[in-house]
Amino acid sequence: MSAVNSVNWFEIYVQDMARARAFYEAVLEVKLEALKPPGDEDGLEMWSFPGEMDRYGANGALCRMQGVPSGPGGSLVYFATEDCAVTAARVAAAGGRVHREKMSIGPYGFIALAFDTEGNMIGLHSMQ
């Protein structure tokens, strides 16, 4: 394996794309962009988070696909933030629920955990 980060893409599966997009755009203060899936993937809808391929970190998208459920129990994606407490404060207003308020993870900074509008748990990470 080459010397790259372990994760280079993620997908968060959702049931209601409009509701999920509104949640992530409000909480993370970003604008998601429609992403055309490769080939003729019938029924697959994707909206990507902003990012650049040549920058540090992983990029990804919200995905809605018939027969693929959303909800807890899968992977946990952490979003980088300036201050995870400030970002977590926007969760409820966007239709989500904070599961764990900002807490220290020692020399690795701080995290907060929340549920999005689709029942997926997400992490918020910051160094302050």
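Two strands pair if DSSP finds at least two bridges between them. Strands (E, at least two residues) and helices (H or I, at least four) are DSSP runs, numbered from the N terminus. This is a predicted model: local features need pLDDT of at least 70, side-chain atom pairs count only at pLDDT 80 or more, and totals for chains, interfaces and linings use all residues. Residues are numbered from 1 along each chain as its sequence is written, and side-chain values use heavy atoms, with hydrogens and water left out.

**Exercise 1. Trace the strand pairing around β7 and β8.**

Step 1. Start with β7 and β8. They run antiparallel and are joined by six bridges. F115 stands opposite M121 in β8.

Step 2. Inspect the connection. β7 and β8 form a hairpin with five residues between them. G119 in that turn has a positive phi of about 90°.

Step 3. Move to the other partner of β7. Strand β6 (residues 97-104) runs antiparallel to β7, with five bridges. This too is a hairpin with five residues between the strands, and G106 in the turn has a positive phi of about 65°.

Step 4. Strand β5 (residues 77-80) pairs with β8 (residues 121-126) in the parallel sense, over four bridges. A80 has H125 as its bridge partner in β8.

**Exercise 2. Check the geometry of α1 and its ends.**

Step 1. Compute the span. The expected value is 1.5 Å times one less than the number of residues. For the twelve residues of α1 this gives 16 Å, and the end C-alpha atoms are 16 Å apart, which agrees.

Step 2. Look at the start. A side-chain oxygen of D16 reaches to within 3.3 Å of the backbone nitrogen of A18.

Step 3. Look just past the end. E29 takes a positive phi of about 50° there. Most residues other than glycine have a negative phi. E29 is in the loop between α1 (17-28) and β2 (33-35), and is exposed at 61% relative accessible area.

**Exercise 3. Which side chains meet in salt bridges?**

Step 1. Apply the rule. A salt bridge is a side-chain nitrogen of Lys or Arg within 4 Å of a carboxyl oxygen of Asp or Glu. The count comes to six.

Step 2. Take R19 and E118, which meet at 2.7 Å, N to O. R19 lies in helix α1 and E118 in the loop between β7 and β8, so the pair ties together parts 99 residues apart in sequence. R19 is partly exposed at 39%, whereas E118 is buried at 8%.

Step 3. Take R21 and E25, at 3.9 Å, N to O. They are four residues apart in helix α1, so about one helical turn separates them. E25 is buried, with 16% relative accessibility.

Step 4. Take R64 and E45, at 3.2 Å, N to O. This pair links distant parts of the chain: R64 is in strand β4 (residues 59-64) and E45 in strand β3 (residues 45-48), 19 residues apart. R64 is partly exposed at 29%, and E45 is partly exposed at 25%.

How values were computed. Buried < 20%, exposed > 50% of the residue type's maximum accessible area, 1.4 Å probe, protein only. Polar contact = N/O pair within 3.5 Å; in protein donor to acceptor, adjacent residues only side chain to side chain.
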